Amino acid sequence: MMAHDFDLFVIGGGSGGVRAARIAAGHGARVAIAEEDRFGGTCVIRGCVPKKLLVYASRFRDAFEDAAGFGWTVGPRTFDWATLIANKDREIARLEGIYRTGQVRAGVTVFDERAVVEGPNAIRLIKQGSSVTATKILIATGGRPNIDPNLPGREHVITSDEAFHLPDLPKRVVVAGGGYIAVEFACIFHGLGAETTLIYRGEKILRGFDEDMRDGL
């Protein structure tokens, strides 16, 4: 049997990919991982972590107002979107570094580039223009938002990915959808002072969640 360059080649440096690569390497396998963007995946880079930081920021307005009733005197308050985003980016960079370091320490070979499957055991490294082989190939590329290309006004639409990198806090924003991601972003923008409208085709938002909570919201 012809020997391959690696026992396992992982395409995608998200939560699933980095975990699989690190565990396999820990058991003695020769492992490589390729990621064309940033390590950490949706949760770390453009999901749970940055969103929660924005949620925390959006809650301070109400907290300042409530503080007076508890004896606190709060002076003039201002909010700077650019500062929030810069600090968010700094924290995401720190977390990405932890994910990347974990791969290196586990002995995983890291390729910072796009990789595509070109055969049963072959992977093409696009930037290098070369190929490597592996006994097993794990595709862990995740997904991405899909905006209907025929949607009128598509040029004015962003997804949650772009919301984390807006240069300025919008004065007005419409959030389309009634799932938890839409509701969280609606609360974020509203809490930070934007005029926010949530549109949803169903009778109640947050389908599948607790009915009392849905009614209350």
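**Notebook: rings, cysteines and a surface patch**

I started with the aromatic rings and found seven aromatic pairs in the structure. For the record, rings of Phe, Tyr and Trp (its six-membered ring) pair if their centres lie within 6.5 Å; planes under 30 degrees apart count as stacked, over 60 as edge-to-face and the rest as tilted.

I then looked up Phe6 and Phe111: the ring centres are 6.4 Å apart and the planes stand at 85 degrees, so I noted this pair as edge-to-face. It links distant parts of the chain, with Phe6 in strand β1 (residues 6–11) and Phe111 in strand β3 (residues 109–111), 105 residues apart. Helices (H or I, at least four residues) and strands (E, at least two) are DSSP runs, numbered from the N terminus.

A note on the model before I go on: it is predicted, so local features need pLDDT of at least 70, side-chain atom pairs count only at pLDDT 80 or more, and totals for chains, interfaces and linings use all residues. Residues are numbered from 1 along each chain as its sequence is written, and side-chain values use heavy atoms, with hydrogens and water left out.

Are Phe6 and Phe111 buried or exposed? Both are buried (under 20% relative accessible area; exposed is over 50%, partly exposed in between, with a 1.4 Å probe and protein chains only). I also saw that Phe6, Phe9 and Phe111 form one aromatic cluster.

Next I checked Tyr180 and Phe209, whose ring centres are 6.4 Å apart with planes at 50 degrees, so the pair is tilted. Tyr180 sits in helix α6 (residues 180–191) and Phe209 in the loop between β8 (195–199) and α7 (211–216), so the pair ties together parts that are 29 residues apart in sequence. Tyr180 is partly exposed at 46% relative accessibility, and Phe209 is partly exposed at 36%.

How many disulfides does a search of the whole structure find? I got zero (a disulfide is a pair of cysteine sulfur atoms within 2.5 Å). Cys43 is partly exposed, at 29% relative accessible area, and Cys48 is partly exposed at 37%.

My last stop was the loop between β5 (122–125) and β6 (130–139), where I found Ile126. At 45% relative accessibility, Ile126 is partly exposed. Which residues does Ile126 touch, not counting those up to four places away in sequence? I listed Glu113, Arg114 and Val116, with contact meaning heavy atoms within 4.5 Å. The C-alpha atoms of Ile126 and Val116 are separated by 7.6 Å, and these residues are 10 apart along the chain.
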